[in-house]
Amino acid sequence: AVNREAVAAAALSDTVRRFALGKPETLVVVQADRRTAHGAVMTVLDAVRAAGLQRVSFQTDAESSDAR
């Protein structure tokens with residue numbers, strides 16, 4: 001999702017690039033949990049980098065007690 005709106009993987013790079021126009025200081029928050037595929041996170045980071053954004057933070061969901 002970009003700005004909390006669902007985005008197809010194929011459109012991610014263009015969407016991030018449009019969102020970042022004129023706002024290179026934008027902070028990108030990548031939200032994921034342990035079930036998120038590594039490749040999916042890397043796809044997001046590649047799109048962010050291609051858009052010229054450099055400020056990235058990661059937010060993870062807290063583990064539930066039964067996931068341990």
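Predicted model: local features only at pLDDT ≥ 70, side-chain atom pairs only at ≥ 80, totals over all residues.

Student: Which secondary structure elements does the protein chain contain, and what pattern do they follow along the sequence?

Tutor: One begins with an inventory of elements and then reads their order. Here the protein chain has two helices and two strands, and their order along the sequence is α-β-α-β.

Student: What are the overall dimensions and the accessible surface of the protein chain?

Tutor: The C-alpha trace spans about 45 × 25 × 20 Å along its principal axes. The accessible surface comes to about 5300 Å², and carbon and sulfur atoms account for 50% of that surface. Of the 68 residues in the chain, 22% are buried.

Student: How much of the contact pattern joins residues at least 24 apart in sequence?

Tutor: Among contacts between residues at least 6 apart in sequence, 69% join residues at least 24 apart.

Student: How is the packing of two helices described?

Tutor: Two packed helices are described by the angle between their axes and the distance between those axes. In this model, the axes of helix 1 (residues 12-20) and helix 2 (residues 38-50) come within 8 Å and cross at roughly 40°. Helix 1 is therefore oblique to helix 2. The crossing of the two helices is right-handed.

Student: Which residues make the contact between helix 1 and helix 2?

Tutor: Helix 1 contributes Leu12, Ser13, Val16 and Arg17, while helix 2 contributes Thr43, Val44, Ala47, Val48 and Ala50. Sorted by class, this contact has six nonpolar, two polar and one charged residues.

Student: Is Asp46 buried, partly exposed or exposed?

Tutor: Asp46 lies in helix 2. Asp46 has a relative accessible area of 35%, so it is partly exposed. Asp46 and Leu12 are 34 residues apart in sequence, and their C-alpha atoms are 9.8 Å apart in space.

Student: What is the relative accessibility of Asn3 and of Arg4?

Tutor: Asn3 counts as exposed because its relative accessibility is 59%. Arg4 is exposed as well, with a relative accessible area of 83%.

Note on methods: Residues numbered from 1 in each chain as written. Heavy atoms only, no water. Axes fitted to C-alpha atoms, helices over the stretch in contact; angles between N-to-C directions. Helix = DSSP H or I, 4+ residues; strand = E, 2+ residues; numbered from the N terminus. Parallel < 35°, antiparallel > 145°, perpendicular 65-115°, else oblique. Left-handed = near helix turned anticlockwise from the far one by under 90°. Contact = heavy atoms within 4.5 Å. Nonpolar A, V, L, I, M, F, W, Y, C, P; charged D, E, K, R; others polar. Buried < 20%, exposed > 50% of the residue type's maximum accessible area, 1.4 Å probe, protein only. Areas by Shrake-Rupley, 256 points an atom, 1.4 Å probe, with all protein chains shown as cover.
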